[in-house]
Amino acid sequence: LVSSGGLKMSGGTRLENANPVIFQRSGERLLTASEEDEDVHDPIDDREIFDILSINDPEHPLSLEELNVVEQVRVKVNDAESTVGVEFTPTIPHCSMATLIGLSIKVKLLRSLPDRFKIDVHITPGTHASEEAVNKQLADKERVAAALENSSLLEVVNQCLSTRNI
Amino acid sequence: MFPSAFFFLDRRLSLTSSQPHTRARGVQLLSEVLHECYGNLTEREVEVLIAFYENRLKDHYIITPPVLQGLRALTKCTVLPPGSAVSMLRSLFQDVHVQSLMLTERSCVYNMLINLMETREAELKGLGADFVFGFVQSMDGERDPRNLLLAFQIAKNIIHRGYDLGKFTEELFEVTSCYFPIDFTPPANDPHGITKEELIEALRAVLSGTPKFAEFLLPLIIEKLDSDVQSAKLDSLQTLTACLSQYEHKDVAEFLEGLWTSLRREVFQTSSERIESAGLAALTTLTSCLSRSVLNSDSEDSLSTFLDLVLKDCKHHLCEPDLKLVWPSAKLLQAACSASNRASHIITAAVMPSLIDQCTVIPPVCLSRPSTLEESVFSAFRESLCSMVFSALSETNSSLQITATSMLTSLAQQTGLLLDSDIELAVDHLTRLLLTEEDDRVSLAVVECAGALAALHPAAFITKLIPRLKTEINVVLCSGSVGFSVEEVVLACRSLQRIAEQVQDTEETGQCFHEVIIPRLLSLALQAALQGLSGFLSGCFHVVRLAGQTASRAVSLFLDGDVSFLPDNSFPSHIQLLKQGDSWSQSQMVCLLMGCVCSLPRSVEVPQIDQLLSQLEEMSCTCSHPLSYTSAAKCFAGLVNKRSQGDSLDSLIQRTTKRVCSELDSTSSPVRTQAFTLMIWVAKALLLRYHPLSTALTDKLFSLLGDADLGAMAADGFSLLMSDSADVLNRGCHADVRIMYRQRFFSENSAKLVQGFNAAPQEKKPNYLKALSNIVNKLPKQETVLLLSLLLEALLCPDQGVQLSTLSCLEPVLINPPPALIQQLEALVSRLLALICSSVRIASLRCIHALSRFPEHEILPFRARVLRALARPLDDKKRLVRSEAVQARGEWFLLGSPGGR
């Protein structure tokens, strides 16, 4: 019942950008009277999508918001036409995690939005060395689906999406 | 009781049989008998038996288990002949391979060792290192947690009682440390109740028990700190802290660099607060371990070597305040600093100058840090620190002001650091802020700070702050309603209260309070009451509470209208504060009376108590002003709770009960609410002291749940009964509060509640459920198991009120689900899912969210169904609903998925 020692070593994982600039988090969304009124219809707006995206960065104990990877002005939603567009900005232009961050954002939105939405996630133009390639991967439905079949990739994505309160 | 010789005769046949099984049965019988009667054996008999058993150990393997049992019984004998312990162990180690035995036999061996170590310590020590070697061989490979606990205990005894480890130190370490860090999850419904924590503690006692292990243990800990598993990290850090408190500097010298690197990494890149604080604690112990060292003339000072390391890595981060490593560095420095005087000298000397430099340039970020280095010796920096604090207090930035107050507090706590002139300046600043500051948070911080400082430097506060506050209060009141700010007065009173709490012990200041401040406050309150001003009372209340001595004067003021002790006496004589006047502003003064008389210790006699009680009862039953009648009821209850047991109390309660019930029974009575208020407070007063007459009142409360007007209030009343009240009937007011009164109330009354619920008509059911949820919320969770089926059934009730209160009742239960609930998971899930599109969908979604933290194997079968059902509320028209659905669905997605949970 008791295993005798022998734990996995994490072995030499070094951070790419160990000391990033951190940004202040925007405060909680303020509750308005109309939101408490059962008869009023609240449309899905940019801020709501932005709040959904409070995702952890895969290499930092910080959220994407604190790292300025996702900003509210780069989130566009149109409830009536059922479209969502999110632009994200990798912390450094060579960030190897860009695809992973994009994938996490995409998965979070897929899990959190109604089926009717068409979800577009891409890199803020001009902020990453291989912007085009990453965008192409993220837009390809089948590649996204295949990526999530890969259990080690799914593991990292899930870690980004789990609420950190250990 | 048979003499043992008789037994040999009787069992001769089976003990000498050629069949090993038959022999084993014989030995078994003998062993069992010995277990019953080992206390009655003589030394000679024991000797024979031991010789017999030792011989049997060489017999067929099938006989070994009963032999071991017999030997274990013999180890408990008090008459064990000298030398027999040694011979027993020699044959045991020689003839038995412990780890190929079954679980119970292994435990038998460990118990033998434990027994012998208790009684034959000297003999075992005579065995020398052989004993340790024998033990190491016996436990090598043990896997059962029960036996491990025993083995760890033996190892701990070996280490702590000074057995000779000889050349087997490393072996003993290896055989125990291979379990580190402990990774053990008790099986569900484990009857032995062994927890991971017990194992961790037992192993830690072994590993950290001796400095001889240092050279092996420290590298192991450094290695395990690299682990990804949080609990392993935590265990390693805690073990490190435990062992460092035993070690000397030479034991750790060669590992300092490695330890520092690991500790630094845990704090810099921490993902959990527990690990961070464990890391900081380890750093503190490490530093104090180094500080304890006695230096030889030729050895280097390992403390300063180590602190050089720390400073090298941390100091430069302090100078880059916009980066995220500032805080961790400050914490590390603080941890090292708090270890010893020398450490704090070294660190302060190195860090303070640059900190002070920075504070002048970019104050907001830096100022927070010196306050964390409070342990250090500051005297050299007093002047610059003080001027920094005072200039910060004069700034307009509120967070800067708050930090400055906390820093002022910690500076003041350094004995002898601040000069009298500094204190006076501080008092001036605090007074100014108290009276002018508009930001609530700042005011609060200032009040806290004033309270803390007043305790340390009462003289300055008495001479400066208090007179100033008094004149301010006067000014405010005299100026009438123009510029009158209730908050200001309330704040002033709050700081008076803090000061009173801190200084009440010294006679002089106590005198000052009783002679000057309390009468003045009462008089101001009375003045305010006569002029019809309100809002002042709540402030005064807390100050008045602290002044027990004034009670008799207060009573005579309220009962007899005696105003002679009040200053500025211009009041009409014979004011009757407890008589129903035309003005509620006078009647509400009763809350000051409550403050005066209800906080007295039980031993102090309240004068004229019978008259007082009857007037209070009258007032609480007749007055129409809510604050007045509630305060009167509370005051009455507070006094009843403390009255001594006896006929006069019983008749008082019976009278009150009768009056209250008759008012409540007449549905047309205009004072039903008043009667209800009195009833609930008296019920609470009696419930707290286990008074048998409380039942009449609580039964009345149950019956009111069905009342058309008072039903909802009655349901809320249960929350009042079960929770602690802030101003009366708590332990702080010396009230008679028995332990477990909530559990007792619940166990006596839960059946009534369930019955009432079942019998009540549909529209009344919500009241019962609400009452139930009020009780349940205050109870330990296991009590609620009884009510689960009721709650589950209530979920099917079509009434929304019932659904909502049931869900709010369920949610806290789901956080720590009892096993009985898990058995009904199917019903629970489908009933909750049925509600996620109804008008109680938010509460239902929260419960479904809570379900996701149940044991994974129990809820995994529901995953697909829940995810499908949760897709719909994602498109709900209300944002609040969507946000609950998003959170719940996210958690359910993670369930059973790699990296999820």
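**A helix and the rings that follow**

A: In α35(B), 16 of the 17 residues are buried, so this helix is largely enclosed by the rest of the structure. Buried means under 20% relative accessible area, exposed means over 50%, and partly exposed lies in between, with a 1.4 Å probe and protein chains only. Helices are DSSP runs of H or I with at least four residues, strands are runs of E with at least two, and both are numbered from the N terminus.

The model is predicted, so local features need pLDDT of at least 70 and side-chain atom pairs count only at pLDDT 80 or more, while totals for chains, interfaces and linings use all residues. Residues are numbered from 1 along each chain as its sequence is written, chains are lettered from A and ligands numbered from 1 in the order in which they are written, and side-chain values use heavy atoms, leaving out hydrogens and water.

Just after α35(B), B:Tyr690 takes a positive phi of about 60 degrees. B:Arg744 lies over the face of B:Tyr690, 3.9 Å from the ring centre. A charge sits over a ring if NZ of Lys or CZ of Arg is within 6 Å of the ring centre and within 35 degrees of the ring normal.

Over all chains, a search of the whole structure finds 11 aromatic pairs. Rings of Phe, Tyr and Trp (its six-membered ring) pair if their centres lie within 6.5 Å; planes under 30 degrees apart count as stacked, over 60 as edge-to-face, and the rest as tilted. B:Phe702 and B:Phe745 are a stacked pair, because their ring centres are 6.4 Å apart and their planes meet at 15 degrees. This pair links distant parts of the chain, 43 residues apart: B:Phe702 is in helix α36 (residues 694-704) of chain B and B:Phe745 in helix α38 (residues 741-759) of chain B. Both B:Phe702 and B:Phe745 are buried.

B:Phe745 also pairs with B:Phe718: the centres are 6.3 Å apart and the planes at 40 degrees, so this pair is tilted. B:Phe718 belongs to helix α37 (residues 711-722) of chain B, 27 residues from B:Phe745. B:Phe718 counts as buried at 0% relative accessibility, and B:Phe745 is buried with a relative accessible area of 2%.
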